[in-house]
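Hi! Here is the structure I promised to pass on to you.

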Amino acid sequence: MSQPAVTVNGTHYRWPDRPLVVVCIDGGDPAYFRRFLSEGAIPYIARFERQGFSAIADGTMPSFTCPNNMSIITGTPASRHGISGNYYLDTATGKPIVMTGPELLRGDTILSRFAAAGAKVISITAKDKLRKQLGKNLDVSKGNISFSSEFASKANLKENGIENVLELTGMAQPDMYSMELSLFVLEAGIRLLEQKRPHLMYLSLTDWVQHKYAPEESEAKRFYREIDARFGRLAELGATLALTADHGMNDKSDREGRPNVIWLQDILDRKFGKGDTRVICPITDAFVGHHGALGGFVRVYCQGKAQPRDVIAAAAAIDGVEQALGREDVCRLYDLPPDREGDVAVISRADVCIGGAESEHDLSGLKGHRLRTHGGVSEARVPIIINRPLNDTYRLRVAGGTLKSYEVFDYALNGVAQ
Ligand SMILES: [Zn+2]
């Protein structure tokens, strides 16, 4: 007898008929899959595509890590869950607020609702900043598990529902800037699938490799071979496996290898005077080594005489700007929460990124690498690959052309053929 469906934020999800593992390949741009599939380097993913389902979906804008992970795990757009970046400006206090706290996440996670209905659920992330939001209202005292590979060595029963994670995987504590940080997540997922047979498992990797290496570089291929082998293991253990990404990745450097940056705060300061506008880069986090806090989407707050329409006109005139939109327009176009939006949103072209003031960005972390980053519309297309075919209803939905990456749990639970 199967259990009744679980309703989360208005969507009914069928009880899984076997363990479901959803993997968010951070920075998993479709270009990597295209290249490595054509080279025959990722045979398991090739088999999933042949025997199951594969498509390119619209990710959540801005194409950053937190908004997309929260979309996937709640099954809703950012206008519903409220996480529209890593930072927003509290206009009452003028202070930037980090958006990684569970209290800022609106609605429930699919994991927590299933757990409350009696399912065994497991969430493993590479970076700890995502762990708390993904684990919102998840009771780890009842056999559920939530930890990060970043803090694997500190995992404990009280906070994470698990201990001795290093022993579990047989791996050393991975470095923050390494492909092992992601491989650790997958190794732990394989062991826990073997040992605990959870109903739902969410595995979220890190985009260190994709920030650093283009699809044509051998280290990128090595990483995809490694993750492909582990996806094969998860599938062989009998899981429904759904792969997606939070965002893509583009090279944003010029021919000489220098980053193509629009220093928007400097431009607006020259035009309207210092202090009149404030540019917030919502890609910013503690790990600027990946991208120097440069992305394809920024918010501008008007604090003085410059009006949003003036800022839109000034930004739209800059070479490399793809879109400059007022609050209402950007929220309508990309399904964003108005209370966490700036007065103006500026989005760059695929080969360009946007920063604040040049003096406030430290690019030394790039260490001779070309700048590869994300945040714009050009990085908001992501793969969805499931190792089982879809039923007719969901095949028709895909054909309708509106596939969103936040529907991945819906597709993997309700859409697979029984
Ligand atoms: Zn990411």
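Leu130 sits in helix α6 (residues 128–134); helices here are DSSP runs of H or I with at least four residues, strands are runs of E with at least two, and both are numbered from the N terminus. Bear in mind that this is a predicted model, where local features need pLDDT of at least 70 and side-chain atom pairs count only at pLDDT 80 or more, while totals for chains, interfaces and linings use all residues. Residues are numbered from 1 along each chain as its sequence is written, and side-chain values use heavy atoms, with hydrogens and water left out.

Is Leu130 buried or exposed? With a relative accessible area of 3%, Leu130 is buried (buried means under 20%, exposed over 50%, partly exposed in between, using a 1.4 Å probe and protein chains only). Beyond its neighbours within four places in sequence, Leu130 is in contact with Thr65, Cys66, Asn69, Met70, Thr125 and Ser204 (contact means heavy atoms within 4.5 Å). Leu130 and Ser148 are 18 residues apart in sequence, and their C-alpha atoms are 8.3 Å apart in space.

Now for the inside. The largest nonpolar core has 48 residues, and Val23, Phe147 and Phe231 have the most contacts inside it. (Such a core is a set of buried Ala, Val, Leu, Ile, Met, Phe, Trp, Tyr and Cys residues joined through side-chain atoms within 4.5 Å.) Helix α9 (residues 180–196) gives the most to this core, with nine residues. A second, separate core has 45 residues, including Val22, Cys24, Ile280 and Val408.

Next, a pair of helices. Helix α1 (residues 30–38) packs with helix α11 (residues 218–236) at about 80°, and their axes are 11 Å apart. Axes are lines fitted to C-alpha atoms, for helices over the stretch in contact, and angles run from 0 to 180 degrees between N-to-C directions. So α1 and α11 are roughly perpendicular to each other (that label covers 65 to 115 degrees; under 35 is roughly parallel, over 145 roughly antiparallel, and the rest oblique). Tyr32, Phe33 and Phe36 of α1 meet Ala220, Lys221 and Tyr224 of α11.

Finally, there is an open sheet of four strands, ordered β13-β14-β16-β15, with antiparallel pairing (two strands pair if DSSP finds at least two bridges between them). Its edge strands are β13 (277–280) and β15 (321–326). From one strand to the next, the twist averages 20°.

Enjoy exploring!
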